[in-house]
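Subject: Structure for you to look at

Hello,

Here is the structure I said I would pass on. Please open it first and keep it beside you while you read the rest of this message.

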Amino acid sequence: MARSFRFGVNMLTPTGGHEWRARCRRAEELGYDVILVPDHLGMLAPFPALVAAAEATERPRVGTFVLNAAFWNPALLAREAAGTDALTEGRLELGIGTGYVREEHDRAGIEFLSPGGRVDHLRHTVEEVDRLLRDDTRLPRSAQKPRPPLLIGGNGDRVLRLAAQFAEIVAFTGAVGDRNGTLTPLTAEQLDERVAAYRRFAAGRESPAELNLLIQYVRATRDRRAAVREVLPKTPHLDEDQALALPLFTVGTVRQMAEQLREQRERYGFSYLAVLEPNMEAFAPVLQELAGS
């Protein structure tokens, strides 16, 4: 049986307190279920932003989407997560990944490890944070038991194996990033293969994880092909039909977009969908069409 849809918005624009709270309240008004904050230099620090988001709203959960494991010592991260979960009264979802932008590591004075080294560090961080958050003798204590839900983002086999072992939510990016932070979309067939790989790794789980996809492009239009042609220069490895089939592109009328997302839930299992803040308003009618289904 398919999970009901959930919707998050990834907030990207650094701003002051009044404007930040107003945008979070707007996300709540539009029906978003989760207010998300990324972990990039030049953007708001994730945990203070999430506490402020929770104070400004009543219903949405709050989450990191996703933390760069290289930026965090596991013991300090566990303290931040537990404290944030306590201050938000159990609304935190803790998302984490390897980090993929070399320039940010350089600016922070942190060694940019090989892909395998970054996955090794992610595994160590996840194992330690999981252990520390489950330890009820440590302060501060998180409000959620045994710990806040863990989201792990990535597409490679080793990350998907880790997610199968630890994560309540698995985030598929729908794209692969190079060392400069440039993202290349996966085709629909490539994403099929990645989801199938995760399902093999997760075959022994007691309960299935929630599967997430970050939608990169939203365009309300009656001419889907014209909308896709606008972004083809950024995806030169794809033709028009392949671009239309990309799971991280949602284009068409509200009804067409809603149907596309229902079909993708059936095909891949994606029930938790996130959009980028610039698409928050444009996606809201689709969210409302799908709410409760």
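Predicted model: local features only at pLDDT ≥ 70, side-chain atom pairs only at ≥ 80, totals over all residues.

The values below were computed from it.

Overall shape

The protein has 293 residues, and a compact globule with that number of residues would have a radius of gyration near 19 Å. The value for the protein is 18 Å, which agrees. Along the principal axes, the C-alpha atoms fill a box of roughly 55 × 45 × 40 Å. As for secondary structure, there are 11 helices and 13 strands.

Inside and surface

Of the 293 residues, 52% are buried. If you take the contacts with a separation of 6 or more, 73% of them are between residues 24 or more positions apart. The accessible surface comes to about 13,400 Å², and carbon and sulfur atoms account for 50% of that. The side chains include 37 positive and 40 negative ones; the centres of these two sets lie 1 Å apart.

Aromatic pairs

How many aromatic pairs does a search of the whole structure find? The search finds 7. Two of them are described here.

One is formed by Phe47 and Trp72, with 5.5 Å from centre to centre and 85 degrees between the planes, and it is edge-to-face. Phe47 is in helix 2 (residues 46-56), while Trp72 is in the loop between strand 4 (67-68) and helix 3 (74-87). The pair therefore ties together parts that are 25 residues apart in sequence. Are the two residues buried or exposed? The cut-off for buried is under 20% relative accessible area. Phe47 has 3% relative accessibility, so Phe47 counts as buried. Trp72 has 17%, so Trp72 counts as buried too.

Another pair is Phe172 with Tyr198. The ring centres of Phe172 and Tyr198 are 6.2 Å apart and the planes are at 85 degrees, so this pair is edge-to-face. Phe172 belongs to strand 7 (residues 169-172) and Tyr198 to helix 7 (residues 188-201), so the pair ties together parts that are 26 residues apart in sequence. Both of these residues are buried.

Regards

How values were computed:
Residues numbered from 1 in each chain as written. Heavy atoms only, no water. Helix = DSSP H or I, 4+ residues; strand = E, 2+ residues; numbered from the N terminus. Rg over C-alpha atoms; globule rule 2.2 N^0.38 Å. Buried < 20%, exposed > 50% of the residue type's maximum accessible area, 1.4 Å probe, protein only. Contact = heavy atoms within 4.5 Å. Areas by Shrake-Rupley, 256 points an atom, 1.4 Å probe, with all protein chains shown as cover. Lys, Arg positive; Asp, Glu negative; His and termini not counted. Charge placed at Lys NZ, Arg CZ, Asp CG, Glu CD. Phe/Tyr/Trp six-rings, centres within 6.5 Å; stacked < 30°, edge-to-face > 60°.
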